[in-house]
Amino acid sequence: MPSQTPLPKQYFYTFPWLNGSSEILLEDMGLLSQSNEATSVVNMIKKLFTEFHNLDQVENDLEYRITEFLKQCAESKEKFTTSTDDIIHLAMYPLLQIILSLLGNRILGNAMANIYAKHCQEELRSHSTSKQHGSRNKYNDYQIQSICHNLGLECLVTPRNMIDHIIYPFQMDFQSYLSVATKLTGDRWKLINRIFVKGKVNLIRDDVILLLREMVRNKTKPDYKAIDPELKKKIEDIPEISQILERVEKIVEQNSKKFTSSLFIADEKIEYELFPPCMKMILFRASQGENLSHNERLAIAFYFLNTNHSIEETVDIFRTIPDFDESIARYQVEFAAGSRGKGKKYKMYNCAKLRSFRLCKADDPKFGDRLCIQGGKRKDGTFQPIKNPINDYVFWKKVELQRIHRSQIPTTLDGSKTSQTSQDSVSSVHSEKTKK
Amino acid sequence: MNLTQYYLYKLFQAYYKAHLKNYPTISDLPNREFAFIRWDHPGMQRHIGYPNSNFLLDYLVKYAPRHSYRSATIYSTPSADKMEHKGYLGCDFVVDIDSDHIPTSCQHRHNYVICKNCGKLLLGDKPEECPDCHSKKFKKIVWICDECLNVSKEQVHHLIDGFLLKDFNIPLSAIKLNFSGHRGYHVRIESKVFRSLDQEERREIADYVTGQGFSYNIWNYKPVQSNMSGFRIDQPGWPGKIAREFYKVLSQGSDYTENIFSNPRYGNPIRSNVLRILIERRIDLIRKLENKNPIWGIPHVGPTTWHRIFEILRDLIKADIDVVVSIDVHRLIRLEGSIHGKAGLKVVDVPYEKLDEFDPLTDALTFPKESTNKLTIKITAPICPPIRIGKITYDNFQPDEEYTVPLNVGLFLLCKDVAELIKN
C-alpha cells in the first residue's frame with residue numbers, strides 16, 4: 001500500500017469518498033474521542049440530523065440535501081444541485097450509503113455512484129483563475145497524486161517524463177493500473193496499447209483523472225449487504241430516515257419508467273435464453289443501473305436492432321442507466337437502425353470485435369457459456385466456432401436447447417423415443433440457418 | 001492394476017521413499033488443495049488438504065500416485081468439497097508453457113493415434129474421426145524430442161526475458177520455474193500483489209505477453225499518402241518490440257527473411273510476389289530502421305500486408321503460453337517433486353540462470369542416470385519413436401520385440417504406454 005500523504009481537510013469535504021473522511025467528520029463534530037456507544041450507527045445518524053438541521057436556510061439542512069440528491073438520482077441527472085465543498089456534503093455521504101443500502105435499489109445506487117464519479121472527474125479537470133497566475137488547473141499533479149495514494153493507487157508524478165514528444169506526467173504501477181483499467185472497455189485501456197516500461201504505465205493527466213473517476217464509481221456503490229435486519233429496523237425508525245424513505249418511494253413512483261424495464265418480458269423477439277453471454281452481461285449491468293461504456297451501448301443496441309426488436313424496445317434498455325436522456329437515446333438508436341442519417345442500418349459486431357472491446361464473456365462464471373468457447377457441435381462430432389453473437393450463437397444455442405429437449409422426451413415402452421416433433425424442430429432450425 | 005502398472009507403482013513408490021528427506025518444500029502447504037490420480041483407483045481424488053508436509057509425504061509413499069497435483073490457489077479450508085466453501089485467499093500467477101499448444105514440425109514425425117475400433121494408425125494430431133471406420137475414439141501417443149523441449153525452453157525465455165523482467169520489472173528471485181515433467185515448463189509468481197489479481201487483471205497480463213489486442217490506430221500506424229507510418233526501434237512498448245524484431249529478421253539475410261515470412265508458425269504466409277518486393281527492399285528497410293525513420297514506403301505493399309507482416313513478427317516476439325491456465329484462479333498444477341505419470345520424468349525446479357544448460361532428458365530423470373538397473377520390456381505399440389535418455393538415443397524398437405534397457409529408458413517407455421513389462 002502506498003504511504004498516506006496527509007490531504008487538506010477541504011479535500012474531504014469535496015471528495016467525501018476519500019479514505020479517512022469519517023474521521024474528519026467525527027473530528028469536526030467533536031466526536032472523535034467519544035465512546036463506541038455514542039458513535040454507534042443509530043446515534044451517529046441522529047446526531048448528524050440534529051447537527052445539520054436548519055429550516056431557516058434549507059440549503060444547509062441535511063435532510064433537504066439528501067432528498068434533493070436522491071431526486072437527482074431518480075431523474076438521471078448527473079450533477080449535484082447543492083454545495084459540494086462544505087461539511088454537509090461530507091455528512092450526507094455516509095447517510096446516502098446507509099439509505100441506499102436500506103432501499104436496496106441498484107438503479108438508484110448506481111445513479112449515486114455515477115454522480116460522485118462524474119463530479120470527481122469535473123472537479124479534477126476544472127480550472128481556477130487568479131490575477132497572479134491566470135487560469136490554471138484547480139488541482140495540480142501532486143494533489144492528484146495524493147488523491148491516488150489515499151485510494152491505494154501507486155502513482156507518481158514524473159514532471160519531465162517526455163516520450164515521443166509527449167509529456168507523461170504520471171507513472172502508475174501496473175497492478176494499480178490494471179485494478180481500475182480492466183473495468184473500462186476499449187482498446188486504449190489495454191496494457192498492450194500503453195507505454196509500459198519497467199512495471200510502470202506512463203499516463204497523461206486526463207488518463208489518471210478517468211481512472212480516478214472509475215475508481216470512485218466502484219468505491220461509492222452502496223454495499224447492499226452491509227446492514228443486518230435488526231439494525232435496519234432501528235435505522236428505519238429514525239424519523240428523518242423514515243421521512244426520506246417515504247419521499248424516495250414517491251420519487252420512484254413518479255419516475256416509474258426508469259425503474260421498470262422491458263428487458264426480461266416473456267414476448268421477446270429472441271428469448272433471453274438465446275442471448276449470448278456478452279449481451280446478457282450488458283443487459284444485467286443496464287438493469288442494475290450501471291453506467292455502460294460507449295462500446296457496450298453500441299453493442300447492445302446493434303444486437304437488439306438486428307434481432308427484430310423495435311426502436312422502442314431498444315431505447316428501453318437504456319432507461320435504467322444513470323445518464324439516460326430519452327431524446328438523445330432515441331436519436332442514437334434511430335440512427336443505428338437506419339431511420340435517420342444515411343439510412344444505413346448498422347450490423348452486429350462479430351465476436352472478434354467484442355473480444356477486442358473486452359466485452360466477450362464466454363468464460364464468465366455467471367453468464368459464460370461453453371458453447372462460445374468450444375463452438376457448436378455438428379452432427380459428425382466436430383465443432384463450428386462461434387464467430388458472431390447472432391448468426392452463429394443464436395443458431396447453435398437453439399440446436400443445443402433442442403437437443404437437450406429431445407434427450408428429455410420420455411422413451412416409450414418399447415424403448416423408442418417419441419421424438420418426431422423435436423426432430424422436425426431441429427430440421428426447421430437448420431433450414432432457418434440455410435436461409436440466413 | 002496389471003503387471004506393468006503394478007511395477008510402475010512400485011518404482012514410483014521407491015522414488016518417493018528415497019526422497020523423503022529432500023522432498024521440495026511446497027509454499028503455503030496447509031492452504032493448498034491436493035489432488036491425485038492413483039494406480040488403483042479410477043478418476044481423480046481431490047479436495048485433499050494436509051496440515052504439514054509429513055502427511056503429504058505419507059500419502060505419496062503409500063499410494064505413489066500416477067499423477068500428483070496441488071492448487072495454485074491458497075484457501076482457508078482447502079479440503080472443503082465445494083469451491084465456494086474453500087475460502088479463497090488468493091492465487092499464484094501461473095504460466096503454463098507446453099509444446100502441446102505450439103505447432104512444431106516434429107509433432108507430425110513422432111506423435112500418432114491409433115483408432116480404438118479398427119486399429120488404424122495415423123501420424124500427427126488426433127483427427128476428427130477415423131477415415132476407415134469413422135470411429136472417434138483414439139489412443140494418442142505424444143512423444144518427446146529435443147525439438148519440442150527446445151521450443152518450450154525458447155518460449156520461457158520469451159516470457160521471462162522479454163516480458164516479466166523488462167516490462168513488468170519483476171525481480172528474478174520472485175520468479176519460480178519448474179520443468180513440468182513432460183514437454184514444458186511452469187512459471188509461478190507467488191507475490192502478494194500477483195496473488196490478489198482478479199481474472200480480468202490476469203487476462204490483461206496474458207493478453208500483453210501474447211500480443212493480443214494491439215491497436216494499430218492507437219499506435220498511429222497508418223498509410224500516409226503512399227507511405228506507411230510505421231514504428232521505430234527506439235520506441236517503448238510493443239511498437240518498439242515489433243520494429244526491433246523486424247530489424248533482427250531483416251538483418252539475418254534474405255533467406256532467413258524469406259523463411260520467416262513464408263513459413264509462419266501461425267496463419268497465412270506472405271504472398272511470394274510481395275515477399276520478393278520486401279526482400280528487394282531489405283537493405284533500404286534496414287537503413288530506415290537503423291535511422292529510426294518510421295516512414296516505410298514500399299510500392300505494392302499495402303496496409304493489409306503490413307498488418308500480416310506485423311502479426312508474423314508478433315508471433316515471433318510473444319510468449320506462447322496456455323492463456324486459460326494463467327486466467328484460471330482455481331487451477332491445479334503438477335506437484336513439485338512428483339513424477340509425471342505419462343513420461344516418468346520428475347517435476348523439478350529449474351533456476352532460470354541454469355535453464356539453458358538444463359536438459360530434461362538428463363536432469364529430470366527419476367532414477368540416477370548412473371543406475372545399472374535394467375528392465376526387460378516388450379514393445380506393444382506399432383511405432384516406438386526414438387528417445388534420447390542422457391547422452392544415448394535409443395531407437396530401432398520393433399513391435400512385439402523384447403529389449404533389456406536401462407531403468408530410466410524402461411520407465412519412460414512403460415509410462416508412454418508403448419511397452420509392457422516382461423516378468424523375469
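The exercises below refer to this predicted model.

**Exercise 1. A sheet in chain B**

Determine the strand order of the sheet that holds β17, β20 and β21 of chain B, and state which helices pack on that sheet.

Solution. 

Step 1. The sheet is open and has 3 strands in the order β20-β17-β21 of chain B, with antiparallel pairing.

Step 2. The edge positions belong to β20 (402–406) and β21 (419–421) of chain B; each has a single partner strand, so one side of each lacks a neighbour in the sheet. On average, neighbouring strands are turned by 45° against each other, direction ignored.

Step 3. Strand β17 (residues 374–379) of chain B pairs with β20(B) in the antiparallel sense over 5 bridges. At the residue level, B:L375 has B:V405 in β20(B) as its bridge partner.

Step 4. Helix α1 (residues 3–18) of chain B packs on the sheet and touches β17 and β21 of chain B. The direction of helix α1 of chain B makes about 75° with that of β21(B). Helix α14 (residues 407–415) of chain B also packs on the sheet, touching β17, β20 and β21 of chain B, and its direction makes about 35° with that of β17(B).

**Exercise 2. Two domains of chain A**

Describe the interface of domain 2 of chain A and domain 3 of chain A in terms of residues, buried area and polar pairs.

Solution. 

Step 1. The domain assignment divides chain A into domain 1 (9–126 + 221–254), domain 2 (129–217) and domain 3 (260–436).

Step 2. In the contact, 9 residues of domain 2 of chain A meet 7 residues of domain 3 of chain A.

Step 3. About 630 Å² is buried between domain 2 and domain 3 of chain A, with 38% of it on carbon and sulfur atoms. On the side of domain 2 of chain A, the residues that lose the most area to domain 3 of chain A are A:T185, A:K190 and A:R217, together 61% of what that side buries.

**Exercise 3. Two domains of chain B**

Which residues and elements of domain 2 of chain B take part in the interface with domain 4 of chain B?

Solution. 

Step 1. Chain B is assigned domain 1 (3–95 + 177–199 + 325–366), domain 2 (107–141), domain 3 (222–317) and domain 4 (367–424). The C-alpha centres of domain 2 and domain 4 of chain B lie 23 Å apart, and each of these two domains gives 7 residues to the contact.

Step 2. The area buried between domain 2 and domain 4 of chain B is about 510 Å², and carbon and sulfur atoms give 73% of it. In domain 2 of chain B, the greatest losses of area to domain 4 of chain B fall on B:Y112, B:K139 and B:I141, together 62% of what that side buries.

Step 3. The rule finds 1 salt bridge between domain 2 and domain 4 of chain B. The side chains of B:D417 and B:K139 meet in a salt bridge at 3.5 Å, N to O. There are also 2 residue pairs in polar contact across this interface of chain B.

Step 4. The elements that give two or more residues to this side of domain 2 of chain B are β7 (112–115), β8 (121–123) and β9 (138–141) of chain B.

**Exercise 4. The contact of the two chains**

How many salt bridges are counted between chain B and chain A, and which element gives the largest share of the side of chain B that touches chain A?

Solution. 

Step 1. Chain B contributes 28 residues and chain A 27 residues to the contact. Together the chains bury about 2400 Å², 58% of it on carbon and sulfur atoms.

Step 2. The count between chain B and chain A is 7 salt bridges. The side chains of B:E204 and A:R358 meet in a salt bridge at 2.3 Å, N to O.

Step 3. On the side of chain B, α5 (192–195) and α6 (199–210) are the elements that give two or more residues. The largest share, 8 residues, comes from α6(B).

Note on methods
Residues are numbered from 1 along each chain as its sequence is written. Chains are lettered from A and ligands numbered from 1 in the order in which they are written. This is a predicted model: local features need pLDDT of at least 70, side-chain atom pairs count only at pLDDT 80 or more; totals for chains, interfaces and linings use all residues. Side-chain values use heavy atoms; hydrogens and water are left out. Two strands pair if DSSP finds at least two bridges between them. Helices (H or I, at least four residues) and strands (E, at least two) are DSSP runs, numbered from the N terminus. Axes are lines fitted to C-alpha atoms, for helices over the stretch in contact, and angles run from 0 to 180 degrees between N-to-C directions. Contact means heavy atoms within 4.5 Å. Domain bounds come from an automatic or database domain assignment. Buried area is the accessible area (1.4 Å probe) that two parts lose on being put together, summed over both. A polar contact is a pair of N or O atoms within 3.5 Å; within protein, one must be able to donate a hydrogen and the other to accept it, and residues adjacent in sequence count only if both atoms are side-chain atoms. A salt bridge is a side-chain nitrogen of Lys or Arg within 4 Å of a carboxyl oxygen of Asp or Glu.
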